[in-house]
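Please read the sequence and the model below side by side with this briefing.

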Amino acid sequence: MRTSGSQAPGTDGNRYLIIAGAYKSGTTSLYTWLKHHPQVCAAAQKETWFFSPRELHPNPTPRYDGDLAPYLGLFRDTGGARLRVEGTPFYLYSAQTAAWINQALPQLRIVVILGDPVWRLDSWYRMAATYGYFGETPPGLERYLRLMREDPRPPEQRPPHLRCLEHGRYSAYLQQYFEVFGRERVEVVWFEELARRPLQAMQRVCGFAGLDPGFYEDYAFEAQHRALELKRRQAFLFYVGIKNGLRAMLPAQHPGRQLLRRVRESLDWLVFPYLFRDAERMAMSQSMERELRAYYAADALELESLLGE
């Protein structure tokens with residue numbers, strides 16, 4: 001394993017935690033709350049995609065090829081913190097990613113957040129429509145569901161926005177992580193627990209990760225990326241273009257990325273009320289919800305058995 005002169009993680013005295021999934025299940029909230037902990041050094045960007053094979057991300061920069069030096073460069077603002085944290089929620093869906101992570105970070109621990117797959121699909125559709133994944137005219141939730149159910153390609157050969165239905169069948173993906181890392185190195189947190197009882201959830205995560213849970217006793221938990229409805233599409237696309245331009249100015253390992261991230265977070269806080277309004281929790285019809293719950297019923301039983309619940 002090449003490290004370009006750096007010690008491999010697991011032998012350099014640092015510990016690592018990756019939030020590996022599932023997307024649209026509260027991973028940004030968990031990452032944000034963890035990065036505020038004084039014993040944590042968070043990656044310069046939440047989603048590094050470093051261990052992503054091509055079917056997950058066509059061109060992440062950098063990508064794992066046996067050399068860990070670029071990955072170490074993503075954790076610059078250590079401040080003496082001993083736990084390094086990143087969160088790329090698509091990692092859950094790749095057995096290759098699990099193998100690479102285990103090879104590169106032999107002492108790493110994994111957190112997986114799982115949420116109601118029906119609510120998660122609804123939330124993902126809103127986000128995909130907002131970011132223009134469907135072009136100028138989103139297909140509507142019912143047609144989107146039909147497109148995914150009728151697509152003959154296996155999920156890994158589809159564009160990312162057409163994998164969401166299958167990605168809510170958690171048990172097979174979680175099983176491959178248990179097989180690679182062992183049950184003791186994977187902590188499963190339910191989104192509903194994170195949303196309704198954040199202190200208890202963070203105390204459990206801290207125990208798993210070796211962090212002092214006392215930090216969260218008087219912490220102000222604020223949800224990130226709550227369900228929103230876009231008010232001004234053109235203004236939003238213009239704003240996203242500005243943010244992407246700022247991000248492209250500096251490579252991922254540049255020490256200025258930490259400052260740039262803080263600037264972007266401050267801009268979001270100022271601009272988002274102009275661009276978005278709070279959305280209803282579910283936009284789908286009752287008949288569609290019943291159809292989806294039937295679709296996920298067998299997997300729910302598999303997951304219950306897998307987790308021993």
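This is a predicted model: local features need pLDDT of at least 70, side-chain atom pairs count only at pLDDT 80 or more; totals for chains, interfaces and linings use all residues.

Residues are numbered from 1 along each chain as its sequence is written, and side-chain values use heavy atoms, with hydrogens and water left out. The protein chain holds 12 helices and seven strands, where helices (H or I, at least four residues) and strands (E, at least two) are DSSP runs numbered from the N terminus. Buried residues make up 50% of its 309 residues, buried meaning under 20% relative accessible area, exposed over 50% and partly exposed in between, with a 1.4 Å probe and protein chains only.

- Among contacts (heavy atoms within 4.5 Å) between residues at least 6 apart in sequence, 78% join residues at least 24 apart.
- Leaving aside neighbours within four places in sequence, Tyr 71 is in contact with Tyr 16, Ile 18, Thr 48, Phe 50, Phe 51, Glu 86 and Leu 105.

- Strand E3 (residues 83-87) is largely enclosed by the rest of the structure, because five of its five residues are buried.
- From E3, Leu 83, Val 85 and Gly 87 point one way, whereas Arg 84 and Glu 86 point the other way, and all are buried.
- Strand E1 (residues 15-21) pairs with E3 in the parallel sense over five bridges, two strands being counted as paired if DSSP finds at least two bridges between them; Ile 19 stands opposite Gly 87 in E3.
- E2 also pairs with E3 in the parallel sense, over three bridges, and the bridge partner of Cys 41 in E3 is Arg 84.

**Helices H1 and H4**

- Nine of the nine residues of H1 are buried, so this helix is largely enclosed by the rest of the structure; the buried residues include Thr 27, Tyr 31, Trp 33 and Lys 35.
- Helix H4 (residues 117-130) has 14 residues that should span 20 Å at 1.5 Å a residue, which agrees with the 20 Å between its end C-alpha atoms; the expected span is 1.5 Å times one less than the number of residues.
- Because 13 of the 14 residues of H4 are buried, H4 too is largely enclosed by the rest of the structure.
- Asp 116 caps the N-terminal end of H4, with a side-chain oxygen 2.9 Å from the backbone nitrogen of Val 118, and H4 is followed by Gly 132, whose phi is positive, near 80 degrees.

- Leu 56 lies in the loop between strand E2 (40-42) and helix H2 (69-72), and is buried, with a relative accessible area of 6%.
- Not counting residues up to four places away in sequence, Leu 56 touches Trp 49, Phe 90, Tyr 91, Ser 94, Thr 97 and Arg 163; the C-alpha atoms of Leu 56 and Tyr 93, 37 residues apart along the chain, are separated by 8.2 Å.
- Glu 156, in the loop between helix H5 (141-150) and helix H6 (164-167), is partly exposed, with a relative accessible area of 45%.
- Glu 156 and Leu 56 are 100 residues apart in sequence and 7.6 Å apart in space, C-alpha to C-alpha, and Glu 156 touches Glu 55 and Arg 163 when residues up to four places away in sequence are not counted.

**His 37 and the cysteines**

- His 37 is found in the loop between helix H1 (27-35) and E2, where it is buried, with a relative accessible area of 2%.
- The side chain of His 37 reaches the backbone nitrogen of Gln 39 at 3.0 Å, and His 37 touches Leu 211, Asp 212, Phe 215 and Tyr 216, not counting residues up to four places away in sequence.
- A search of the whole structure finds zero disulfides (pairs of cysteine sulfur atoms within 2.5 Å); Cys 164 is buried at a relative accessible area of 0%, and Cys 206 counts as buried at 1%.

Definitions and conventions:
A polar contact is a pair of N or O atoms within 3.5 Å; within protein, one must be able to donate a hydrogen and the other to accept it, and residues adjacent in sequence count only if both atoms are side-chain atoms.
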